[in-house]
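I want to go through this structure and keep short notes on what I look up.

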Amino acid sequence: MSAKPPTPARPATPPEEGACPICGGAGFIVRDVPVGHPDFGKAIPCRCKEQERILRRTLTLQSLSNMAALSRFNFENFIPAPSWLPEQQQRVLQRAYDTCQEFARNPQGWLVLTGTYGCGKTHLAAAIANARLNWGEAAIFVVVPDLLDHLRSTFGPRSDIRYDELFEQVRSASLLVLDDLGTQSSTPWAQEKLFQLLNHRYNAQLPTVITTNQRLEDLDQRLRSRLLDINLVQRIHITAPDFRSGANPSHSDLSTLSLHREKRFDSFDVRRPDLTPDERANLRRVWQSAMAYAEDPQGWMVLMGYNGTGKTHLAAAIANHQLERGLTDVMFVVAPDLLDYLRAAFSPHSNVPYDRRFDEVKNTPLLVLDDLGTESATPWAKEKLFQLLNYRYSAQLPTVITTSASPEELEPWLRTRMFDVHRCQVWALEAPSYRGSKAQRRKGGRGPSRR
C-alpha cells in the first residue's frame, strides 16, 4: 500500500486569531510532494517567516544607515557660498554642491569628496542619500568604522542577520555612501573587507559616494588605484575650512589666488606705448606663451624679470584660467609666505600638521610659486624649497615660478632644473616696470597692477 502524501503542518490546537493562514503560526510547512522528492518530509520555513527575515534585514540596514539622525542634512539647508569664505573657496564649494545635486538626480559611477574635518563632505553625501530616499529609491549611508563593527557583530550567536547576508546587501546596494573612509583601524581584516567591498562595486560600476579627510596616497594602494580612475570616479577636493567652528575672518588660507582675481589675460596690457618695439614684441611673446601654457599646463613655466614687469599678473592669469575650467586644486602662494606657513605648522596650536601642509603644496595639481628668491636664505628655507621643487620636477607636476633674481643668483640645483628644456620653459620679460610708467599714468593709475 502506498504511503499517504504529506500535507502542510497544522498546529495541534486551533491557530490564534491573526496567525498565518498557511502555517497556522507554526512557522514552517511540510510540502505535499511525492516520495523521493528532495523536499519530501522536510520542514520548510513558511512565507511569513521569510517576510519576517526581510523585515529584520531591512531594520538592520536602517540601523546601519542611521538616516533618522542624518535627516537634517539636505541640499536645501546647505550654504554653497558662505559670504565669509574667499571667492576661490566659494567656487569650489559651489561646484561640489552642484555636482552632488546632479549625482543625486542621476547616480552614475563614483563620487569622491575629500577635504578637512567639517568642510561639508558628510552633509553633501548625506543629502544625496536623503534625496534618493525621498524619491522612493534605495540608498545606504554608513560610516566606515560603523560598517566594520556591524560586520564583526554578525559573527555573534545572537545576531539577527548572517555575515554573508549583510555583506552582500551592502556590497550590492543600488547606491552606497561610505563616510569617513580612512578613519577605520587598519587591521588586515578591515583592509580585506573594504577591498572586497569596493572592488566588487568598482568592477560592477555601482554608484558609490565616498568621503575622506585622508590623503589618497595614505590609503591602501589597491583602493587608491581605483579611486584615481578618471573614467569612473569624479573627485572633488573641498578647500573650505571647518564649518563647525563658524565663520573665522582671521582664517588665512594658504593659497592667495583670490587676491588676484582681476589678473587675467584680457586685462594684461601688451600694447604699452612707452615700450620700444622690441620690448612690446617680447611682452606679446611671453603673453602668448602664458596663454598656451594655461590651456594645457605641462612641466614648468618660469617667468623672470624686474619687479613690476607683469610676472605675477601672467602667473595669476594662468591659475585663474585653470580655475575657470574647473580645476579646483590650484594653489597660488608667495615664496616667503609659504615658508612662514610651514614654520607655523610646527606649532602645537596648528590645526594642520607640518607633513600634511607640506604634502598639500607638493602634490597640488597646479602650483604657482610667486617671488621665488625674496625669501630669507636660511639653510632650513633652502632645504624646504629644494624638497618641494625637486619633488615637483621629478613628478613632472605643472608649476609656475616667478622670480626677479638673475639665473646666477639662483641656487645651482634650481638653475639646472629650470633650464632643462625637456621639462621647463623660461621666459624673461624685458620691459621696464609698469608701476609709475607713462602707460600707467595715462590710465590714471587704474591700469592692472604689475609685478
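**Charges over rings**

I found K193 over the face of F167, at 5.9 Å from the ring centre. I note here that the model is a predicted one. A second case is R226, which lies over the face of Y202, with 5.5 Å to the ring centre.

**Aromatic pairs**

I describe a pair of aromatic rings by the distance of the centres and the angle of the planes. How many aromatic pairs does a search of the whole structure find? I get 8. One of them joins F75 and Y97: the centres are 5.9 Å apart, the planes make 85°, and the pair is edge-to-face. I then looked up where the two residues sit. F75 is in the loop between α1 (47-65) and α2 (87-105), and Y97 is in helix α2. They are 22 residues apart, and the pair links distant parts of the chain. Are F75 and Y97 buried or exposed? I noted both F75 and Y97 as buried.

I also checked F346 and W380. Their ring centres are 6.4 Å apart and their planes stand at 65°; planes over 60 degrees apart count as edge-to-face, so this pair is edge-to-face. F346 lies in the loop between α10 (335-344) and α11 (354-363), while W380 belongs to helix α12 (residues 379-394). The pair therefore ties together parts that are 34 residues apart in sequence. Why do I list W380 as partly exposed? Its relative accessible area is 25%, and partly exposed covers the range between under 20% (buried) and over 50% (exposed).

Back at F75, I found one aromatic cluster that is formed by F75, F78 and Y97.

**The sheet**

Next I looked up an open sheet of 5 strands. Its order is β9-β10-β11-β8-β12, and the pairing is parallel. Which strands stand at the edges? They are β9 (330-334) and β12 (424-429). Each has a single partner strand, so one side of each has no neighbour in the sheet. On average, neighbouring strands of this sheet are turned by 10° against each other, direction ignored.

Strand β8 (residues 300-305) pairs with strand β11 (residues 399-403) in the parallel sense, over 5 bridges. For M304, I found T403 in β11 as the bridge partner.

Last, I looked at a helix on the sheet. α10 packs there and touches β9 and β10 (366-370). The direction of α10 makes about 100° with that of β9.

Methods. Residues are numbered from 1 along each chain as its sequence is written. This is a predicted model: local features need pLDDT of at least 70, side-chain atom pairs count only at pLDDT 80 or more; totals for chains, interfaces and linings use all residues. Side-chain values use heavy atoms; hydrogens and water are left out. Rings of Phe, Tyr and Trp (its six-membered ring) pair if their centres lie within 6.5 Å; planes under 30 degrees apart count as stacked, over 60 as edge-to-face and the rest as tilted. Helices (H or I, at least four residues) and strands (E, at least two) are DSSP runs, numbered from the N terminus. Buried means under 20% relative accessible area, exposed over 50%, partly exposed in between (1.4 Å probe, protein chains only). A charge sits over a ring if NZ of Lys or CZ of Arg is within 6 Å of the ring centre and within 35 degrees of the ring normal. Two strands pair if DSSP finds at least two bridges between them. Axes are lines fitted to C-alpha atoms, for helices over the stretch in contact, and angles run from 0 to 180 degrees between N-to-C directions. Contact means heavy atoms within 4.5 Å.
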